[in-house]
Amino acid sequence: MSFKTTLTLAAAATAIGLSGAALADSHGDDHGDYADKALFIVTSDSLQTQGMAMILANAMREQGTSLDILLCDAAGELGVEGYESETELGPRGVKPEGLMRMMMGEGASVNVCAIFLPNTEYDEEDLREGVGVAAPGPIAEMMRDPNIPTFSF
């Protein structure tokens, strides 16, 4: 990279408030600074999107993050007892609902959104054991908290 390009990039980073220290803090190897809680909102009906959401959530859980998973729209089916994805995802042959159940066993909180049940054929009794119904207030509180990252799939 040329000296002129380096100066231009440094000036641009400074102009938008990104010092070298801030970049190092947000992308460094010290994972101890990451939030200890995260909210995953899954709405997609895509098996691969649901699967990747669960894979990433699980990786964060393994790194010490406490998880809240909110299932909305078509992804709400993952919270229904007896629901099984049609196919397994490679390369390890996993299903999103299997990963979700495993994380629930490790302490992850899973809820369907407040409007899922009233707009489907399901009742609260149809949900998997441990899956609840989210109240909008506490979810909004988490979304507003700058210390709780929210991820949407």
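Author: Start at one residue. Leaving out residues up to four places away in sequence, Met-54 touches Val-42, Ile-69, Leu-71, Leu-78, Pro-96, Leu-99, Met-100 and Met-103. Keep in mind that this is a predicted model.

Reader: Which residues touch the most other members of the largest nonpolar core?

Author: A core is read by asking who touches whom. Here the largest nonpolar core has 34 residues. Met-54, Leu-67, Ile-69, Leu-70 and Leu-71 touch the most other members. At least two residues of this core come from each of β1, α3, β2, α4, β3 (109–112) and α5 (136–144). The largest share, 5 residues, is supplied by β1.

Reader: How many helices and strands are there in the chain?

Author: Count the elements, then read their order. The chain has 5 helices and 5 strands. Along the sequence the pattern is α-α-β-α-β-α-β-β-α-β. Next, see how the chain folds back on itself. Take the contacts with a separation of 6 or more: 68% of them join residues 24 or more positions apart. Of the 153 residues, 34% count as buried.

Reader: Which residues of α3 are buried?

Author: List them, then look for what lies over them. Gln-50, Gly-51, Ala-53, Met-54, Ala-57, Asn-58, Met-60 and Arg-61 are the buried residues of α3. Their cover includes β1 (37–42), β2 (66–71), α4 (96–105) and β5 (150–152).

Reader: Is Leu-56 buried, partly exposed or exposed?

Author: Check its relative accessibility. Leu-56 sits in helix α3. The value is 35%, so Leu-56 counts as partly exposed. Beyond four places in sequence, Leu-56 touches Phe-40 and Phe-153. Leu-56 and Phe-40 are 16 residues apart in sequence, and their C-alpha atoms are 9.5 Å apart in space.

Reader: Now a strand. Is Leu-39 buried or exposed?

Author: Read the number before the label. Leu-39 belongs to strand β1. Its relative accessible area is 0%, so Leu-39 is buried. Then read its contacts. Setting aside residues up to four places away in sequence, Leu-39 touches Asp-68, Leu-70, Ile-139, Met-142, Met-143, Ile-148, Pro-149, Thr-150 and Phe-151. Take Met-143 from that list. Leu-39 and Met-143 are 104 residues apart along the chain, yet their C-alpha atoms are separated by 7.7 Å.

Reader: And loops? Where is Ser-85?

Author: Ser-85 lies in the loop between β2 and α4. With a relative accessible area of 4%, Ser-85 is buried, because the cut-off for buried is under 20%. Beyond its neighbours within four places in sequence, Ser-85 contacts Leu-47, Lys-95, Pro-96 and Glu-97.

Reader: Is Asp-73 buried or exposed?

Author: Asp-73 is found in the loop between β2 and α4. At 57% relative accessibility, it counts as exposed. Look at the backbone too. Phi of Asp-73 is near 50°, a positive value in a residue other than glycine.

Reader: Which helix gives the most to the lining of the largest pocket?

Author: Sort the lining by element. Helix α3 (residues 47–62) gives the most, with 3 residues. Then sort by class. The lining has 6 nonpolar, 2 polar and 1 charged residues. Gly-90 and Pro-91 return here as part of the lining. They are the pair joined by the cis bond.

How values were computed:
Residues numbered from 1 in each chain as written. Predicted model: local features only at pLDDT ≥ 70, side-chain atom pairs only at ≥ 80, totals over all residues. Heavy atoms only, no water. 1 Å grid on protein atoms, 1.4 Å probe; cavity = no way out; pocket = protein on both sides within 12 Å on 5 of 7 lines; lining within 4 Å. Helix = DSSP H or I, 4+ residues; strand = E, 2+ residues; numbered from the N terminus. Nonpolar A, V, L, I, M, F, W, Y, C, P; charged D, E, K, R; others polar. Buried < 20%, exposed > 50% of the residue type's maximum accessible area, 1.4 Å probe, protein only. Contact = heavy atoms within 4.5 Å. Core = buried A, V, L, I, M, F, W, Y, C linked by side-chain atoms within 4.5 Å.
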